[in-house]
Amino acid sequence: VDAIGDAPSEAEVYARISPSKEELCLRVSVDAEACRQRFITPGSGKAMDYLEKHNQANAVHDLGQEVANALSESDRRAQFPTLAASVGREAPTLWECAQIVIARYEAWATISYDINTAELDGKIAIRDASDAAAARAAYEAITWPSP
C-alpha cells in the first residue's frame, strides 16, 4: 500500500522487484564471460599465455617454414619458449605448432566477434527499453554463440 492507501499496481510491484537496467547490463557482462569460458580456458595467466603464444606463432610465421624448422631445440626454447613447449606435443615441428596457434586464434576472433556483438547489442536493447518488463525481455532475448 502506498502513502495514500492505494495498493500498488502490478506494474509498480514488478518494477520494484525487477532488476534495474544497469543490473541487467552487468548480468550481460557476466553472461558474456561465461560464454567465453565455453570456448577457452579461464584465468588471467592463461589469457597471457594465449597472447604470448600467438605473438610467438606470428614471429615464427615471419621466419618462414624452412628457417623455423631449422632451429635447434635450445634456439626454439630461447626464442619462442611458450610455443616451443608444443613441439612434439601438438605437432612435430615449430612451424606446424605456429600454424595451429594462428588457426585457433582466427577461429577465436570469429567467436569473439559473435560474443561481443551479442553483449553490446543486448546492453543497447536493455538501455533502450521503455520499462522494466521490456528490459527483462531484452535481456532474455540475447542469443549467445555455442560451441
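Q: Before we count anything, what counts as a helix or a strand here?
A: Helices are DSSP runs of H or I with at least four residues, strands are runs of E with at least two, and both are numbered from the N terminus. Keep in mind that this is a predicted model.

Q: What about contacts between residues at least 6 apart in sequence: what share joins residues at least 24 apart?
A: That share is 69% in the protein chain.

Q: Let's get to packing. How are two packed helices described?
A: By the angle between their axes and by the distance between those axes.

Q: OK, then what are the angle and the axis distance for α2 and α7?
A: Helix α2, residues 21–37, packs with helix α7, residues 94–128, at an angle of about 170 degrees, and the axes are 9 Å apart. Angles over 145 degrees count as roughly antiparallel, so α2 and α7 are roughly antiparallel to each other.

Q: Which residues of α2 and α7 make the contact?
A: From α2, they include Leu-24, Cys-25, Val-28 and Arg-36, while Trp-108, Ile-115, Glu-119 and Lys-123 are among those from α7. By class, the contact of α2 with α7 has eight nonpolar, two polar and seven charged residues.

Q: And α2 with α8, are they roughly parallel or antiparallel?
A: Roughly parallel. The angle between α2 and helix α8, residues 132–140, is about 5 degrees, with the axes 10 Å apart. Lys-21, Leu-24, Arg-27, Val-28 and Asp-31 of α2 meet Ala-135, Arg-136 and Tyr-139 of α8. That contact of α2 with α8 divides into four nonpolar, no polar and four charged residues.

Q: Switching topic: where does Lys-53 lie, and is Lys-53 buried or exposed?
A: Lys-53 sits in helix α3, residues 44–63. Its relative accessible area is 16%, and buried means under 20%, so Lys-53 is buried.

Q: Interesting! With which side chain does the side chain of Lys-53 make a polar contact?
A: With that of Ser-86, at 3.1 Å.

Q: Which residues does Lys-53 touch, not counting those up to four places away in sequence?
A: Leaving those out, Lys-53 touches Thr-82, Leu-83, Ser-86, Glu-90 and Val-101.

Definitions and conventions:
Residues numbered from 1 in each chain as written. Predicted model: local features only at pLDDT ≥ 70, side-chain atom pairs only at ≥ 80, totals over all residues. Heavy atoms only, no water. Contact = heavy atoms within 4.5 Å. Axes fitted to C-alpha atoms, helices over the stretch in contact; angles between N-to-C directions. Parallel < 35°, antiparallel > 145°, perpendicular 65-115°, else oblique. Nonpolar A, V, L, I, M, F, W, Y, C, P; charged D, E, K, R; others polar. Buried < 20%, exposed > 50% of the residue type's maximum accessible area, 1.4 Å probe, protein only. Polar contact = N/O pair within 3.5 Å; in protein donor to acceptor, adjacent residues only side chain to side chain.
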